Amino acid sequence: MKKQIFNPFLPLNEYIPDGEPHVFGNRVYLYGSHDKEGGETFCMLDYTVYSAPIDDLTNWRCEGVIYKACQDPEYKNRPYMYAPDVVRGNDGRYYLYYCMSGAYGKGGYFGPISVAVCDTPAGKYEFLGYVHYPDGRPMKKFVCFDPGVINDNGIIRIYYGTQMDYEQKSNWQNDTNIVEKEMEMFNKSREEILTTEGSVMGPCMVVVDDDMLTVKEEPKHIIPYDTRGTSFEEHPFFEASSMRKIGNMYYFVYSSKQNHELCYATSKYPDRDFIFGGSIVSNGDVGFNGREEKNRLNMTGTTHGSIENINGQWYVFYHRLTHKSDYSRQACAEKITLENDGSIKQVEITSCGLNNGPLIAKGEYPAVIACNITNGDMPHGCNSIYTDSFPNVTNRGEDHFIGEISNETLIGYKYFYFDDVKKLSVMIKATDNGTLIAYSDMKKTEIARFDISPASDWTKFTEDISIEKGIYPLYFVYKGTGMIELKTISFS
């Protein structure tokens, strides 16, 4: 069987969210934040890059640590590096843009934007400086957060910002609580909060000179802060700015206020007249085929990513949540299609992701490649670690598994190609007797049934499977009074 790849596509103990994929030469590089497995806050580890040949996305290679948080002068005050981006400068070197933060995001909106440089896409980057004005003052206009950068035919454009709805409340300027909250959150004066045209919040762009640091054009909003009555009203900007230029059109990819979806907007211009295009992907499949938030198919939460054309195929890169928190996020990707009119339809999240077609129902797979994990009442992440019990991807040492599987939990895989499969096996730990039923669709066409008995060690249960040749999703539903953990599934 040829080599395959699934979501998450990096090693199971690797957590690189906020992915910015870029093709440089004949390889695609994934730049992103770096979470700790079971971490206590966002982005606890140094920047580590993975890359793959553009013609073989099953073969990801770890390039190692490219840059350490301690290299930034702000490290002692704000020790965590948030979502970065990399661009090739006009001098042929590679420039890394990022912002520093403290724990739980405190200080993450203080700015400025830091820059590091390297001669190669994934070598050892060295701190270069801060984005600054010609007189040397650090550029802190608006809120410096989540920088995304493009080299637009020699023009270096940095997109950044964040947005909350404080200033959409009537007479907010006279609400002391709102003004002081913004002053504290954004580290800005009362005067700046009250007098900045259009708001200190919102998606912004600044042009820098060929030195990649010096402001060449004053920062400006690319979309107004107040989107009421516009195409953005239902999906306003929140964070995660990323820009791509496709032909003569600019595609602005961002995380919306819903904070589980990547959306896009398009314009003929890099700095104005953007029109909302739609949602590209949601890490809970919210919106796909009309799915409502209350019916999310996973724990949802922070999302950040972008799109990239790799060897003629477009993909969207995003991340999923694990360990019942926003602090252990894993890289995933899906194929997308740019329609003839330039639009992008929302894609469902899958287990096969970068694979060239469905996974082959043969041999053993980690259970944690499930793209849907739900008990029917999954939470939305909120910068915390949940203590409530619900099914989740987690680990115990080197064992990665789905834990806290209780009655009526659904675990789904999309998609497998079945051909002459006779047996289906699951590796399980169980606290009590129960039943695990396998289905080939959401209408619950049963293909196998497992009688689960208590097992304190990983125990393999095997049953006959009845399914015709073809491509199907695979769903498991657990029924029982106790809980189980699921480590692997296998076909024979």
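Here is a short tour of a predicted model, from the whole chain down to single residues.

**Stop 1: the whole chain**

Start with everything shown as a cartoon. The protein chain has 33 strands and two helices. Its radius of gyration is 23 Å, close to the 23 Å that the globule rule gives for 492 residues, so the chain is as compact as a globular protein of that length. Along the principal axes, the C-alpha atoms fill a box of roughly 75 × 50 × 45 Å.

Of the 492 residues, 60% count as buried. If you count contacts with a separation of 6 or more, 61% of them link residues 24 or more positions apart.

**Stop 2: a loop residue, Lys 36**

Hide the surface and select Lys 36, which sits in the loop between β2 (27–31) and β3 (47–53). Is Lys 36 buried or partly exposed? With a relative accessibility of 33%, Lys 36 counts as partly exposed. Setting aside residues up to four places away in sequence, Lys 36 touches Met 44, Leu 45, Tyr 327 and Ser 328.

**Stop 3: a sheet of four strands**

Next, colour β15 to β18. These four strands make an open sheet in the order β15-β16-β17-β18, with antiparallel pairing. At the edges you find β15 (237–246) and β18 (275–282), each of which pairs on one side only. On average, neighbouring strands of this sheet are turned by 25° against each other, direction ignored.

Strand β16 (residues 249–256) pairs with strand β17 (residues 261–267) over six bridges, in the antiparallel sense. To see one of these pairings, pick Tyr 250, whose bridge partner in β17 is Ser 267.

**Stop 4: Asn 392**

Select Asn 392 in strand β25 (residues 392–396). Its relative accessible area is 8%, so Asn 392 is buried. Show side chains here, and you can find a polar contact of 3.3 Å between the side chains of Asn 392 and Glu 404. Beyond its neighbours within four places in sequence, Asn 392 is in contact with several residues, among them His 323, Lys 324, Ile 373 and Phe 401.

**Stop 5: strand β29**

Finish with strand β29 (residues 434–439). How many of its six residues are buried? Six of the six are, so the strand is largely enclosed by the rest of the structure.

Which strands does β29 pair with? One is β30 (residues 446–452), joined to β29 by six bridges and running antiparallel. Here Leu 436 has Phe 450 as its bridge partner. The hairpin of β29 and β30 has six residues between the strands, and in it Lys 444 takes a positive phi near 70°. Another is β32 (residues 470–480), also joined to β29 by six bridges and antiparallel. There, Ile 437 stands opposite Val 477.

Note on methods: Residues are numbered from 1 along each chain as its sequence is written. This is a predicted model: local features need pLDDT of at least 70, side-chain atom pairs count only at pLDDT 80 or more; totals for chains, interfaces and linings use all residues. Side-chain values use heavy atoms; hydrogens and water are left out. Buried means under 20% relative accessible area, exposed over 50%, partly exposed in between (1.4 Å probe, protein chains only). A polar contact is a pair of N or O atoms within 3.5 Å; within protein, one must be able to donate a hydrogen and the other to accept it, and residues adjacent in sequence count only if both atoms are side-chain atoms. Contact means heavy atoms within 4.5 Å. Two strands pair if DSSP finds at least two bridges between them. Axes are lines fitted to C-alpha atoms, for helices over the stretch in contact, and angles run from 0 to 180 degrees between N-to-C directions. The radius of gyration is taken over C-alpha atoms; the globule rule is 2.2 Å times the number of residues to the power 0.38.
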